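Here are my notes on the model you asked about. Have it open while you read.

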Amino acid sequence: MCAFFVSNIDLTTFLVFTVVFLFVLCVISTPRSDIPGPFALPFFGNLYVLARIGNRRYRETLRLQKQYGDIFRLYIGKQMMVTICGYENIHDAFVKHAAVLSNRPEGLFKSQTKYGNLEPGIILSNGEVWRKNRRFTIQTMRDFGMGKKSLEVVIAEEAKLLCADIAAFNGKPIENIKDLLSVSVSNTVHSVVFGYRCEHDDQEFLAVTKSIETLFTVPSFLYRALPIFVQRLIGTAEGEREKALEDVMNYVQKRIAEHEQTFDKNNLRDLVDRFLSTIPPEEDTKKKFLHMYQVVLEMFAAGTDTTATTLAWMILYILENPDVQEKCYQEIKKVVGLNRCILYSDRNNLPYLEATMLELQRCANIASSFMHYSTEDVLIGGYVIPKNTMVSAFLPSVHLDPERFPEPMKIRPERFLDEKSGKVVNRDMLMPFSIGPRICPGETLAKTEMFTIFGNLVQKFKLCKVSPDDVLSFEGLTGSITYPEPYRLRAEARN
Ligand code: HEM
């Protein structure tokens, strides 16, 4: 066909036509917007920027903010993605304009598994499905202990076992603190979801915890907005992500099957039982199960690595700030003593420790918001963000704002203490759990876990660098969240 066409026109005309055609195609496909941002190529958008950023997304996004201002855009293929920085802009977008900016992009997150296409849970759903799932999960978490004494005790038990794991190192270097933390944190979610905890050497449980970590560390979902040929060209580790997802699904499937065998509608033990109790016989059971997988998966995925990673950052920061660690220890020694576990309910009597937790969360900065999606044109920070744009709040821009937190990279728990009363203040200057209707529903659980685990570690150990010459990195590596680079430490028993 092409040969016939070419043979019937002269070659020069054909070449001119081809060049003009390609030029017009490029012009049409080059994305443009009034919102500032780097030049976007046809088809690829700002892929070259993403490639340059790699896993240094946290540092590089701060740089893009400096270069383009508090509202800037990148193109993933031809899909525009706007990043919002600064407290006022983020508040304006996610609280004042919540009605327009609380959706998630559709389609990007579809996961095909051997059990079928997962039904939407909380993180990835919109509208009535999202509202229903969110309400169900928060209510179930409350019913099974969140914010209550019972869960506080489960978490304290986990903290005790973690301390035993760490004591077993006998002051020798610990290279895998993040893995130890993940097991403890994941176990708490396991208790809420499946009704029981696992031994710390349970191989099946350890493997699923690793798979959850993989879901968060492989390159982000964002690449799915690219044309398929570009995804193939650059390699997006989709295979690795799918394998990890299947492993987690297999684990969840096994636990659900166990629950079905022992289910008693008069004795609901956990989230899975609560779900089973809501499946009426006439309902499409397969669909309902795929829906349950997704909710359970999200609880695990969103609840494990986020909390464990924040704790890993906190420990990294106090290795570099031994004076802060010592002050926490002295307060604990004076107020709680050294003979009993620290509980979350102790926090009101431990203001320095509580302020330290806030300060360390400010610097940990593991997450931006998950991707939101505009359902209408909306004016934020002087720019019109068009309908159907992916929008993300860059939360570190709030926490590292020198106007709010002078010398932001310095660890100063005093920022969160009232000089006169010594009470904790300024909590609302932080937003590590985001804000607005999509705010993290696991906030209370995460705070309880972090306070209990961190407090008990500081009570029982002096955490220090293996060698005073060890140079610690605070730059972080970003997959779906930002991790500290691997580091080692020593834990010297306090008594
Ligand atoms: C330190 C620990 C944690 C941090 C820093 C954190 C942070 C976040 C952030 C920034 C979001 C995105 C909100 C948005 O898109 O605007 C989020 C959403 C979410 N988080 Fe967390 N999270 C943590 C722990 C947890 C825990 C323990 C759970 C549950 C067990 C959990 C479950 C969720 C869920 C289900 C969502 C989606 C909410 C929705 O789309 O409506 N998170 N979290």
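This is a predicted model: local features need pLDDT of at least 70, side-chain atom pairs count only at pLDDT 80 or more; totals for chains, interfaces and linings use all residues.

1. Ground rules. Residues are numbered from 1 along each chain as its sequence is written.

2. Overall make-up. The protein has 18 helices and twelve strands, taken as DSSP runs numbered from the N terminus (helices are H or I, at least four residues; strands are E, at least two). Of its 495 residues, 43% are buried, meaning that 20 or more other C-beta atoms, placed from the backbone, lie within 10 Å of the residue's own. Take the contacts between residues at least 6 apart in sequence: 75% of them join residues at least 24 apart. A contact here is two C-beta atoms, placed from the backbone, within 7 Å.

3. The sheet. Four strands form an open sheet in the order S1-S2-S8-S5, with mixed pairing; strands pair if DSSP finds at least two bridges between them. At the edges sit S1 (71-76) and S5 (372-373), each pairing on one side only.

4. Inside the sheet. S2 (residues 79-84) runs parallel to S8 (residues 390-393), and four bridges join them. Look for Thr83 opposite Ser392 and Ile84 opposite Ala393. S5 and S8, on the other hand, are antiparallel and joined by two bridges, with Tyr373 standing opposite Met390. As a reminder, strands of a sheet pair through backbone hydrogen bonds, either parallel or antiparallel.

5. What packs on the sheet? Helix H5 (residues 87-96) does, touching S1, S2 and S8, and its direction makes about 130 degrees with that of S8. That angle is between N-to-C directions on a 0 to 180 degrees scale, with axes fitted to C-alpha atoms, for helices over the stretch in contact.

6. The ligand. Its shell has 24 residues, the closest being Gly303, Ser369, Ser434, Cys440 and Gly442; the cut-off is a C-beta atom, placed from the backbone, within 6 Å of the molecule. Helices H14 (285-320) and H18 (443-460) each supply at least two shell residues, and H14 gives the most, with seven.

7. The shell divides into 14 nonpolar, seven polar and three charged residues. Note that Tyr and Cys count as nonpolar here, while Gly counts as polar.

Terms used
A residue is buried if 20 or more other C-beta atoms lie within 10 Å of its own, exposed if 12 or fewer, and partly exposed in between; C-beta atoms are placed from the backbone.
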